[in-house]
Amino acid sequence: MDPILLVFSILLPILSLAFLVLYKKSNYASIPNLPPGKMGLPMIGESIEYLLTGRRGHPEKFLNDRMAKYSPQIFKTSIFGEPMAVICGVAGNKFLFSNENKLVTAWWPDSVNKIFPSSTQTSSKEESIKMRKMLPNFLKPEALQRYIGMMDMIAQRHFESSWEGKQEITVFPQAKRFTFWVACKVFLSIEDPVHVAKFADPFNVLAAGILSVPINLPGTPYRRAIFAAETIRKELMAIIKQRKIDLADKRATPNQDVLSHMLLATDENGQYLNELNVADRILGLLIGGHDTASAAITFVVKYLAELPNIYNEVYKEQIEIAKSKKEGELLNWEDLQKMKYSWNVACEVMRLAPPLQGAFREAIADFTFAGFSIPKGWKLHWNVNSTHINPECFPEPEKFNPARFEGNGPAPYTFVPFGGGPRMCPGKEYARLEILVFMHNVIKRYKWEKVISDEKVIVDPLPMPAKGLPVRILPH
Ligand code: HEM
């Protein structure tokens, strides 16, 4: 490329972003009664501190420092080039989760919106809203029960092909292989490991670019992510077209996977969903469920390696269930209901190592919270750490104690790894099933120990042991 053109094409987006930020700043500087806090440098805001505290393994530091300095309920900052109010604690979570579509609506950084344009600009904004409403139907416990045997079967194949005969494995990439294989089977009936592995490549590129700096230039992770999303969308559209033919010819069945279920679902007017929207929803589910559930599984393995007493209790529960099964019989819904202690352990893992740090909203009206004004258009952030490691919500928060989840469990709005209210993660139940199926399969086969005893954890944006958690595996 011509060097002048290259310099120009780099400078132009930066200058326009700077102009936009300065324009917004001059606009909000005159608004009275904004929350306390600082907006940081023009354009960059406090994004660097936000990202660096995560990469150093302590994302809670960004939050705790500001809650201590300004207010435990709310502070202002600027990240992703946007003025933002961070709303904290139980009252903050309750406020945001209860005001969905009244005072706030979902918002994602620009990089995410451009990669998933269907929710903002397709032929069908209403179609997308309709789909969002219908999504929980495809992923509710009643709908998922029929997939538990499939998950168990994939887990068995995964352990045979990737763990058996090895002395050492790195957990995170293996957890990703497992969750992606399950997703391909449950959503799309793809189970051939070669096809799954090929399909996984563009997902890894997409995951790496989705929260990167949104500069659409050759070679940037962001541009690669846009191309990867297009490649996946094309493949999904081909699968959808073929599936429609197969359903009409009765070569595919209505209940075989989530795709069939979506294609045959109708809204209140008897209308089928638009194909592009189905493709984008499946893409959203594959992305939403890919790294989050793998991170949860990786940290379950990590904590079980570090806490032998907890390992022993999970082992006892799972081995009882394994003994109750006939040779070759797959796990079912009743078995999963018996895994209470194991799920309490997984919840305690997600309290201390939440796969997502929180999510964002946009104010759709002017409002006040904790006595401070939030102008329409401001972005809002809720963050798990303002309650998960708060001693008022969880006494001795640094202690690993699955008993916190016994009985009625934690108080409302304190334990929020999946969010809350109408926008709560639609994949929560699916995640519960696949995490438990993995726990059952790993613990009945192995004990394990960490190869690097003091492996650092980084959060970028998901938490991850820096080397992916290598472990030595010891078959029973
Ligand atoms: C341990 C695993 C998981 C965790 C901790 C998690 C957590 C979350 C959180 C915090 C949100 C944002 C909620 C908000 O905006 O307030 C979210 C959204 C979402 N999750 Fe999950 N998730 C997990 C697994 C999954 C799985 C397995 C799927 C798919 C099957 C999934 C699909 C989605 C989707 C599609 C959204 C966006 C929903 C929307 O915009 O309305 N997630 N998740």
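Guide: Two residues are in contact here if their C-beta atoms, placed from the backbone, lie within 7 Å. The model is predicted.

Visitor: Which residues in H17 do Ala296, Phe299, Val300 and Tyr303 in H14 meet?
Guide: The axes of H14 and helix H17 (residues 340–352) come within 9 Å. On the H14 side, the residues of this contact are Ala296, Phe299, Val300 and Tyr303. Across from them, the H17 side supplies Val345, Ala346, Val349 and Met350.

Visitor: Are H14 and H17 roughly parallel or roughly perpendicular?
Guide: The two axes cross at roughly 105°. Angles of 65 to 115 degrees count as roughly perpendicular. H14 and H17 are therefore roughly perpendicular.

Visitor: Is Ala293 buried or exposed?
Guide: Ala293 belongs to helix H14. It has 26 C-beta neighbours inside 10 Å. A residue with 20 or more such neighbours counts as buried. Ala293 is therefore buried.

Visitor: With which residues is Ala293 in contact, leaving aside its neighbours within four places in sequence?
Guide: Ala293 is a residue of helix H14. With neighbours within four places in sequence set aside, the contacts of Ala293 are Thr179, Ala431, Glu434 and Ile435.

Visitor: Which residues come nearest to the ligand?
Guide: There are 21 residues around the ligand. The elements that give two or more residues to this shell are helix H14 (275–306) and helix H19 (428–445). The residues that come nearest are Gly288, Gly289, Gly419, Cys425 and Gly427.

Visitor: Which element gives the largest share of the shell around the ligand?
Guide: The residues of the shell divide into 13 nonpolar, 6 polar and 2 charged. The largest share of the shell is 7 residues, and the element that gives them is H14.

Visitor: At what angle do helix H10 and helix H11 pack?
Guide: Helix H10 covers residues 171–188 and helix H11 covers residues 193–209. Their axes are 10 Å apart. H10 and H11 count as roughly perpendicular to each other, because the angle between them is about 110°.

Visitor: Which residues in H11 do Phe180, Trp181 and Cys184 in H10 meet?
Guide: The residues of this contact divide into 7 nonpolar, no polar and no charged. H10 contributes Phe180, Trp181 and Cys184. Their partners in H11 are Val196, Phe199, Ala200 and Phe203.

Visitor: Is Glu396 buried or exposed?
Guide: Glu396 sits in the loop between helix H18 (385–388) and H19. Its phi is positive, about 45°, although Glu396 is not a glycine. Glu396 has 9 C-beta neighbours inside 10 Å, and 12 or fewer make a residue exposed. Glu396 therefore counts as exposed.

Visitor: Is Leu469 buried or exposed?
Guide: Leu469 also has a positive phi, near 65°. Its place is the loop between S11 and strand S12 (470–475). Because 25 C-beta neighbours lie inside 10 Å, Leu469 counts as buried.

Visitor: Is the peptide bond from Asp460 to Pro461 cis or trans?
Guide: Pro461 lies in the loop between strand S10 (457–459) and strand S11 (463–465). Most peptide bonds are trans. The bond from Asp460 to Pro461 has omega near -15° and is cis.

Visitor: By what distance are the C-alpha atoms of Ser453 and Ala305 separated?
Guide: Ser453 is in the loop between strand S9 (446–450) and S10. With 8 other C-beta atoms within 10 Å, Ser453 is exposed. Ser453 and Ala305 are 148 residues apart along the chain. Their C-alpha atoms are separated by 9.9 Å.

Visitor: By what distance are the C-alpha atoms of Ile44 and Ile321 separated?
Guide: Ile44 is in the loop between helix H1 (3–28) and helix H2 (47–55). It is partly exposed, with 15 other C-beta atoms within 10 Å. Along the chain, Ile44 and Ile321 are 277 residues apart. Between their C-alpha atoms the separation is 53 Å.

Visitor: How far apart do the C-alpha centres of domain 1 and domain 2 lie?
Guide: The domain assignment gives domain 1 as 1–27 and domain 2 as 31–475. The distance between their C-alpha centres is 33 Å.

Conventions:
Residues are numbered from 1 along each chain as its sequence is written. This is a predicted model: local features need pLDDT of at least 70, side-chain atom pairs count only at pLDDT 80 or more; totals for chains, interfaces and linings use all residues. A residue is near a molecule or strand if its C-beta atom, placed from the backbone, lies within 6 Å of it. Helices (H or I, at least four residues) and strands (E, at least two) are DSSP runs, numbered from the N terminus. Ala, Val, Leu, Ile, Met, Phe, Trp, Tyr, Cys and Pro count as nonpolar, Asp, Glu, Lys and Arg as charged, and the others, Gly among them, as polar. Domain bounds come from an automatic or database domain assignment. Axes are lines fitted to C-alpha atoms, for helices over the stretch in contact, and angles run from 0 to 180 degrees between N-to-C directions. Angles under 35 degrees count as roughly parallel, over 145 as roughly antiparallel, 65 to 115 as roughly perpendicular and the rest as oblique.
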